[in-house]
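The following note sets out a few points for a colleague examining this entry. It begins with the overall architecture and then turns to one helix pair.

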Amino acid sequence: MLNIKTTTVAFITLLLILSISSCFISISFIFFVLIIALYVMLLAYGSYFINSQFYIRTICSKNNNNKEIAITFDDGPVKEITPLILDVLKEFDIKAAFFCIGKRIVDNESILKQINNEGHIIGNHSYSHSCYFDFFSSKKMTEELIKTEDVIFQTIGKKVKYFRPPYGVTNPALKKAVNKMNYTVIGWSLRSLDTKNKDYRKILNRVKRKLKPGDIILFHDVNPEIINVLRNFIKYALSNNYKIVRLDKLICL
Ligand SMILES: [Zn+2]
């Protein structure tokens with residue numbers, strides 16, 4: 001499988017072969033540039049695509065024949081939206097997973113407690129969700145993860161088991177941090193793009209069109225349109241014989 005180790009070994013081997021060969025035959029400089037460019041592109045691909053498994057083992061879906069799927073929400077809790085999501089989930093008796101941002105839990109502790117009391121899973125999604133998170137050192141990333149874990153533990157008295165990288169970006173520094181924390185890293189197989197689309201029908205059509213058994217679906221509790229999307233999506237999935245199960249049941253971990 002393509003990962004950081006095999007790619008780096010192949011890159012160094014190719015460079016060595018080219019360097020040694022250039023002592024005997026004339027090799028254009030362009031070949032060196034092309035190999036370096038390809039290597040950089042592969043590193044960027046591995047960072048950007050969470051399901052590439054390039055840097056970190058990430059669970060993005062689960063093969064199953066039971067038409068089971070799991071719903072997840074990122075970036076909450078948000079006072080105006082998360083409780084409404086919880087109402088919809090309660091209405092259909094569905095359990096989901098919420099990957100929470102540490103700093104958003106502060107002042108929203110009652111929502112976190114409600115998420116937990118209603119049987120949903122709470123995961124770590126960093127403390128700041130900074131747009132520079134991917135450039136942080138491993139030490140700084142670990143500090144963020146610990147800070148969020150502490151807030152969650154102080155609020156609901158439970159240790160976090162799952163982590164989802166902010167923006168879905170992974171790199172060697174993050175690998176070191178999540179290994180230290182002993183987290184299971186969760187990605188997704190179906191992205192709703194609910195933070196980009198403002199029209200709930202577009203979001204809904206996308207998830208309906210792409211839905212398949214074993215999917216881990218990514219929503220965010222930041223866009224008010226999500227309430228409409230969620231209710232209609234659940235109705236659609238259930239009427240098509242999908243079983244919406246909690247993340248830990250889907251992945252058996
Ligand atoms: Zn996020």
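1. The domain assignment divides the protein into domain 1, covering 4-48, and domain 2, covering 58-251. It should be kept in mind throughout that the model is predicted. Taken over C-alpha atoms, the centres of domain 1 and domain 2 are separated by 38 Å.

2. On overall dimensions, the C-alpha trace of the protein spans about 75 × 40 × 35 Å along its principal axes. The secondary structure amounts to 10 helices and 9 strands.

3. Burial and contact range may be considered together. Of the 253 residues of the protein, 37% count as buried. Among contacts with a separation of 6 or more, 78% are between residues 24 or more positions apart.

4. Helix H6 (residues 138-156) packs with helix H7 (residues 172-181) at an angle of about 40°, and their axes are 8 Å apart. The crossing in which H6 passes H7 is right-handed.

5. As to the residues involved, H6 contributes Ser-138, Met-141, Thr-142 and Leu-145, which meet Ala-173, Leu-174, Lys-176, Ala-177, Lys-180 and Met-181 of H7. Sorted by class, this contact of H6 with H7 comprises 6 nonpolar, 2 polar and 2 charged residues.

Technical notes. Residues numbered from 1 in each chain as written. Predicted model: local features only at pLDDT ≥ 70, side-chain atom pairs only at ≥ 80, totals over all residues. Axes fitted to C-alpha atoms, helices over the stretch in contact; angles between N-to-C directions. Helix = DSSP H or I, 4+ residues; strand = E, 2+ residues; numbered from the N terminus. Left-handed = near helix turned anticlockwise from the far one by under 90°. Contact = placed C-beta atoms within 7 Å. Nonpolar A, V, L, I, M, F, W, Y, C, P; charged D, E, K, R; others polar. Domains from an automatic or database assignment. Buried ≥ 20, exposed ≤ 12 C-beta atoms within 10 Å, placed from the backbone.
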